[in-house]
Amino acid sequence: MIIEALTWLTTPAPDWARKGGYLKELIAVQARHRRCRAHWAPHLDNSREAIQNAVQRCLQRRQAVVYGSGILLDIPLTGLAEAFERVTLVDVAHLRSTRRAAQRFKNVRLVETDIAGVSNGILLGVAKGADTLPRPTPPVIDDTPSIDLIVSANLLTQLPLTPCHLLKQHLDLSEDDLNTYARYIMQVHLDHLASFDAMKCLIAETAIQHIDEQGQIVHERDPLNGLVLASPDRTWEWTVAPHGEVSQSYAVRNIVSASTTMPHQRP
Ligand SMILES: C[S@@+](CC[C@H](N)C(=O)[O-])C[C@H]1O[C@@H](n2cnc3c(N)ncnc32)[C@H](O)[C@@H]1O
């Protein structure tokens with residue numbers, strides 16, 4: 001807890017990322033990874049491999065953009081930096097370990113921005129009495145025409161989580177309303193990816209399962225709220241929380257899919 005608090009205090013981050021709780025969530029990933037390292041390893045290997053496969057398929061290698069670069073657990077940074085003229089890592093903030101890793105390469109830059117584009121609308125609007133939900137607004141990346149690869153790394157289903165959590169604190173919305181808004185945020189992200197004339201690599205969860213001690217699925221939900229993704233190149237299981245991490249009676253397992261789509265195709 002003390003390490004996490006110090007990290008929160010010393011990490012440079014935009015105001016909305018601190019006030020909205022985004023920075024706290026980013027730091028929590030690091031702590032969760034420390035506890036669940038062995039269970040996460042196959043998922044992280046698979047994610048890195050999916051990104052490397054997408055790199056191999058790029059005919060031109062000017063700029064690679066990674067959305068949801070986080071703490072670089074699932075990002076093959078060396079491979080990207082060696083293959084591309086420029087690599088842009090995008091997340092709400094970058095912890096010291098990420099900044100150090102990026103500094104090893106002259107061609108890696110860090111961008112802190114809200115990829116969903118709703119945080120300020122919630123914090124400065126809804127939280128102050130506005131009753132209209134902000135429209136998701138994707139970021140504008142410098143030098144967009146040079147982007148030959150765009151990666152969305154285990155980010156899609158995370159995008160609506162903090163916004164919906166914030167909205168619940170300020171508005172009396174039904175679960176259906178929140179699910180519709182969450183789907184809207186994810187759809188805008190998919191449309192944004194599709195708008196790039198670049199190779200797209202999308203890694204995202206398609207199911208969240210609770211697994212009992214006998215290995216049976218006792219609960220399953222769709223984190224995409226009905227959105228359908230392009231057919232995946234690969235899917236795999238990720239034990240996000242082994243027994244005891246979030247519950248004594250079940251483990252949490254995500255089904256993850258990775259798809260690579262060519263320039264002009266929709267992810
Ligand atoms: C499950 S983690 C992905 C793991 C990450 N690829 C890594 O290797 O550490 C989801 C990431 O999405 C980021 N994220 C969530 N909402 C975001 C937003 N609105 N804008 C930018 N990044 C966001 C989080 O900060 C976190 O780093």
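## Around the ligand

The shell around the ligand is made up of 13 nonpolar, five polar and three charged residues. This is a predicted model, so please read the details below with that in mind.

Which residues come nearest to the ligand? Of the 21 around it, they are G68, G70, L73, I115 and A153. As for where the shell comes from, helix α3 (residues 22-57) supplies the largest share, with three residues.

## The nonpolar cores

The largest nonpolar core has 52 residues, and V66, L149, V151 and C201 are the members that touch the most others in it. In soluble globular proteins, nonpolar side chains tend to be buried together.

C201 deserves a look of its own. Leaving aside residues up to four places away in sequence, C201 touches A50, I51, A54, L149, V151 and T260. Two of these partners, L149 and V151, are listed beside C201 among the residues touching the most other core members.

## A look at V246

V246 sits in the loop that runs between β7 (234-241) and β8 (251-261). Is V246 buried, exposed or partly exposed? It is partly exposed, because 13 other C-beta atoms lie within 10 Å, and a residue counts as exposed at 12 or fewer and as buried at 20 or more.

Setting aside residues up to four places away in sequence, V246 touches A241 and V252. From V246 to I150 the C-alpha to C-alpha distance is 33 Å, and the two are 96 residues apart in sequence.

How values were computed. Residues numbered from 1 in each chain as written. Predicted model: local features only at pLDDT ≥ 70, side-chain atom pairs only at ≥ 80, totals over all residues. Core = buried A, V, L, I, M, F, W, Y, C linked by C-beta atoms within 7 Å. Contact = placed C-beta atoms within 7 Å. Near = placed C-beta within 6 Å. Helix = DSSP H or I, 4+ residues; strand = E, 2+ residues; numbered from the N terminus. Nonpolar A, V, L, I, M, F, W, Y, C, P; charged D, E, K, R; others polar.
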